[in-house]
Structure formats: C-alpha cells, structure tokens
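Student: I would like a close look at one part of this protein. Please take me through it step by step.

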Amino acid sequence: MSVSEAVHRRRWAILGTLVLALLVVVLDNSILNVAMKTIASPAPTGLGASQSDLEWSINSYTLVFAGLLFTAGLLGDRLGRKWSLLGGMVVFGLGSLLSALAASPGELIGYRAVMGLGGAFVMPATLAIIMNVFERHEQPKAIGIWAGAVGLAIAIGPITGGLLIEHFWWGSVFLVNVPIVLVALVAMALLVPDSKDPNPGRLDPVGVLLSIVGLVALIYGIIKGGELADFTAPGAWVPTLGGLAVLAAFVAWERRTSHPAMDVRWFRNKVFSASVAVIGLVFFALMGVSFFGVFYIQSVRGYSALQAGVLMLPLAVAQLVFAPRARLVVDRFGVRATCAGGMALIVVAFLGYLLLGRDTSIWLLVVLGFLMGTGMAHVMPPVTVAIMGSLPREKAGAGSALNNTFRQVGGSLGVAVLGAVLSTVYRDGVSDTLAQLPAPLRDKAGESLEATLAVAERTGTTALVAPAEDAFITAMHVVAGLSAGVTLVGVLLAWFLLPGKAPAAPAGGPEGAGDAAATELAPAKG
C-alpha cells in the first residue's frame with residue numbers, strides 16, 4: 001500500500017494538525033491538576049468539591065478513556081480514521097465547554113466523562129493516520145515528533161493552568177480547549193485524508209463488549225484501590241479480578257471466533273509483546289512518581305503551582321529535543337540498545353530522587369527531570385515504531401489503540417499502587433507525631449501530607465510540619481526505589497526481547513513493510 005502523491009506532499013502539515021489534536025487532549029489532564037485547589041474552594045470561587053469529587057473528576061475521564069480506547073481504534077479502522085478523529089474532537093470540545101460551565105461537582109464529573117469519550121477516539125486515530133500518511137522510512141521521525149508532543153503537553157499543562165487560574169476563573173482551564181478544538185477541526189477537514197481497513201470483515205460485537213467491560217472493571221478496581229489505599233478491600237479487588245476474568249474471556253473468545261476484533265496472534269511476535277510491556281512498565285513508574293513529585297515541589301519545597309510547572313520544563317525540553325532524533329540513535333545502535341539505554345537513564349533518574357531532601361538544591365530536580373525526559377525520548381518513539389511496524393498498515397487503528405491502552409493501564413496502576421504505597425509509608429512514618437492531636441483530628445491529619453499541613457495550620461500546631469515533611473520524603477524515597485526496580489525490569493525486557501538492528505524494509509519498498517509484518521504474524525500452514 002503506497003501513499004498518494006497529493007497526501008505525501010502535505011504530510012508534514014497533516015502531522016502538525018494531528019499534533020494539535022494530541023496536545024489539547026493530553027494537555028487537559030495536566031492543566032486540571034493545577035485547578036484542583038480552586039475547584040475545591042466554596043462558590044463562587046470554586047464548586048466546593050470534596051476530595052472524593054476531585055478524584056472522580058479525574059477518574060471519570062480516565063475510566064471512559066481507557067475503557068473505550070481499543071473499541072475506538074477498531075471503529076476508526078472500520079469506519080474511517082478521519083471521521084473518528086473529527087467526531088472525537090467535536091465530543092471533546094463539547095465536553096470541555098460543558099465542564100467549564102458546570103454548576104456542581106456532579107456535573108463536572110459527568111462532563112469530564114464526555115471529554116474522556118471524545119479523547120478515546122482522538123488518541124488512537126492520530127497515530128493510525130500517521131502510519132497511513134507517511135512511508136515506512138519516514139514513520140520513525142514522525143512518531144518521534146508525535147511522542148515529543150506528548151511530553152510537551154504534559155509539561156506545559158501546569159504552566160498554562162497556573163496562568164489561567166491566576167487571571168481567570170477555574171472554568172477557564174476547560175474553556176481554553178474550545179478555540180483550539182475549532183481551529184483543529186477546520187485544519188483536519190481541509191488537510192487530513194481518510195483511511196480505513198479495506199477488508200474489515202464481519203463485526204465482533206461479543207469481543208467488543210467483553211473488551212469494554214473488562215477494561216472498565218479493571219481500571220475501576222485499580223482506581224478504587226488507590227483511592228482506598230487498600231487493594232484488599234472488596235470495592236477494589238472484586239472489580240479488579242472481575243475485569244481480569246472478563247479480559248481472559250475476551251482473549252479466549254478472540255482465539256475461537258472466525259472474525260476477531262483483535263488478532264491475538266499479534267502477541268506471538270516477541271517484538272510486539274515486549275514493546276507493549278515496556279510501555280506499560282515505563283508509564284507505571286512515571287505516573288507514580290509524577291503523583292508524588294507535585295506534592296514534593298509544592299508542599300515540601302513551597303513552590304507555587306506555576307513555579308512547579310516551570311520545574312517540569314526540563315523533562316519536556318529533553319523529549320522535544322531528543323524524541324524526533326531517536327531514530328538516528330536507533331539507526332546507529334539498534335532498537336535494543338537504544339531502548340535499554342533509555343530505560344537505564346530513567347532508572348538513574350529515579351535513583352536520583354533518593355538524594356532529594358527538604359533543603360536539597362532545586363537544580364538537582366532540574367537535572368533529574370532532564371535526564372528522565374532524555375530517557376523517555378529514547379524509549380517511547382522506538383517501541384511505538386516497533387508496535388506499529390509489527391502490524392499491517394490497515395490495522396493501524398487497533399495497533400495504536402493497544403499501544404495507548406497499555407500506556408493508560410500502566411499509568412493508572414502506577415498512580416494507584418505507588419500512590420497507595422506512598423500513603424501507607426507516610427501514615428506509618430507520621431503516626432507517632434500525630435499522637436499529640438485529639439482523636440477526631442488524628443485520622444484526618446494522617447490521610448496525606450496536605451491533610452497534615454492543613455490541620456497544623458488550623459490548630460497552630462507548627463511542631464507537626466517538620467516531622468510530616470520528613471515522613472513524606474521517606475515515603476517518596478520508597479516509591480522512587482520501587483519505580484527504579486520496575487523500570488529495571490523494562491531494561492531487561494528491552495535488552496533480551498527487542499531486536500538489535502531495525503529490520504530492513506522488504507524488497508517491495510518501505511510501503512511493503514505492513515504486508516511483511518502480516519506474513520510474519522500469520523500462522524504456519526500445514
């Protein structure tokens with residue numbers, strides 16, 4: 001399958017449009033984190049949201065987004081990726097407008113779910129369109145730019161959110177999406193070509209339903225476990241195990257049906273399997289550390305939300321600079337060495353967090369952020385290329401959806417599991433100090449560092465502050481060590497399972513690589 005000359009000429013303009021769509025979807029969640037404190041304030045400043053309301057304003061998006069990613073990718077392959085992208089952007093823009101105008105926490109949670117529905121169709125479509133607009137030899141560069149845009153959005157979100165909250169009302173963090181969505185829609189309608197699977201086969205409604213139920217239940221259980229800081233609670237383990245059981249049934253069904261929604265034979269390819277595992281492990285560790293990083297910078301070190309956002313810039317700059325150039329490192333050293341080396345840099349960055357204390361020079365955090373961003377830039381583009389290059393081009397939507405699903409599940413697990421570890425270690429570390437408080441305040445103060453500092457401020461018990469900060473730093477070190485260990489597993493997977501040098505394109509030219517991948521993944525006959 002070859003790219004037409006007309007599409008080939010405007011491929012970089014198309015990529016710019018796709019990056020704009022990606023930016024607005026990824027940017028939104030990082031912006032929201034900055035607005036949480038304001039949304040929790042009583043009306044008219046905020047919505048008077050409780051801690052649970054705030055958590056579910058994030059989780060409702062995550063739940064819908066992760067649960068529908070795979071299905072959205074399949075529908076894009078079947079109905080047309082351009083229309084999937086346009087429809088997703090319209091829904092996302094509408095959800096953003098409604099979220100900005102929400103009059104209660106319940107409304108905000110519901111409208112955030114609408115945004116998750118739109119985002120689920122946008123994210124896989126962007127990568128799938130890249131695979132169908134660029135020839136195989138240019139895809140690594142395009143995917144590198146795509147991956148760099150993700151890093152940029154994560155980093156500039158807090159800065160943008162901080163500026164908006166300082167000058168406007170809390171709803172501005174959602175309203176800012178609307179003009180960007182409108183510009184992106186016009187550009188997409190004019191520039192982006194449509195593409196779809198020419199032979200989609202029959203629908204697999206049973207497989208689609210099982211994938212949605214399984215993913216939603218799994219993510220819900222993970223979120224609930226993190227929220228309760230107790231994965232042994234029935235509210236956490238019942239949906240988690242139920243989700244895993246349904247996903248196992250999904251795999252069994254896909255192996256038996258003659259028209260599977262997902263060809264499970266893809267996982268026989270060790271490059272494909274190792275790549276999605278590496279993505280899951282990286283985001284497990286990264287999202288967990290992002291969870292404690294915000295509290296360290298703002299609560300322990302006393303920086304504002306805007307300053308905290310600025311301190312995230314080194315990570316974004318590193319990704320922006322190195323991600324589009326990762327292909328050059330792959331060309332010289334191979335996929336295995338590049339990805340394992342990038343993962344090793346992330347391990348070193350996590351270990352560097354063990355050196356952070358209450359008075360450590362903030363420049364160390366800047367260096368660690370740049371180091372982590374450099375590592376990510378040499379992991380994400382090569383493994384994404386490996387995943388997408390392992391599949392036929394007509395299955396790009398499903399491949400992109402799987403890539404993003406493993407990323408989302410890994411990130412959700414990281415926030416929940418490492419967040420629970422952080423809470424448990426912190427609570428144990430500060431329990432003796434909190435014994436001086438009255439019993440009704442003790443439990444509340446032990447929930448988190450923020451809760452302890454709030455009680456200390458309200459009661460005037462300043463003696464709580466230093467021990468609480470020390471307990472948090474100890475908990476942070478434990479989580480950083482665990483993250484380093486998880487990432488080290490990714491180093492081993494990358495080194496032993498990913499290929500050395502990238503395989504050469506087949507004789508038919510770069511565009512034949514999808515067919516070659518299809519042949520490689522097809523079962524042996526006879």
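Student: At what angle do the axes of helix α19 and helix α20 cross?

Tutor: This is a predicted model, and the answer should be read with that in mind. The axes of helix α19, residues 449-459, and helix α20, residues 465-497, cross at roughly 180°. They come within 10 Å of each other. Angles over 145 degrees count as roughly antiparallel, so α19 is roughly antiparallel to α20.

Next, the residues that meet. From α19 the contact takes in L449, T452, L453 and A456. On the side of α20, the partners are V465, A468, E469 and F472. Sorted by type, the residues of this contact are six nonpolar, one polar and one charged.

The protein has 526 residues, and 54% of them count as buried. Among its contacts with a separation of 6 or more, 83% are between residues 24 or more positions apart. The protein exposes about 21100 Å², with carbon and sulfur atoms supplying 68% of that area.

L94 lies in helix α4, residues 81-100. Its relative accessibility is 47%, so L94 counts as partly exposed. L94 and M115 are 21 residues apart in sequence, and their C-alpha atoms are 7.7 Å apart in space.

Definitions and conventions:
Residues are numbered from 1 along each chain as its sequence is written. This is a predicted model: local features need pLDDT of at least 70, side-chain atom pairs count only at pLDDT 80 or more; totals for chains, interfaces and linings use all residues. Side-chain values use heavy atoms; hydrogens and water are left out. Buried means under 20% relative accessible area, exposed over 50%, partly exposed in between (1.4 Å probe, protein chains only). Contact means heavy atoms within 4.5 Å. Accessible areas come from the Shrake-Rupley method with a 1.4 Å probe; for residues, only the protein chains shown count as cover. Helices (H or I, at least four residues) and strands (E, at least two) are DSSP runs, numbered from the N terminus. Axes are lines fitted to C-alpha atoms, for helices over the stretch in contact, and angles run from 0 to 180 degrees between N-to-C directions. Angles under 35 degrees count as roughly parallel, over 145 as roughly antiparallel, 65 to 115 as roughly perpendicular and the rest as oblique. Ala, Val, Leu, Ile, Met, Phe, Trp, Tyr, Cys and Pro count as nonpolar, Asp, Glu, Lys and Arg as charged, and the others, Gly among them, as polar.
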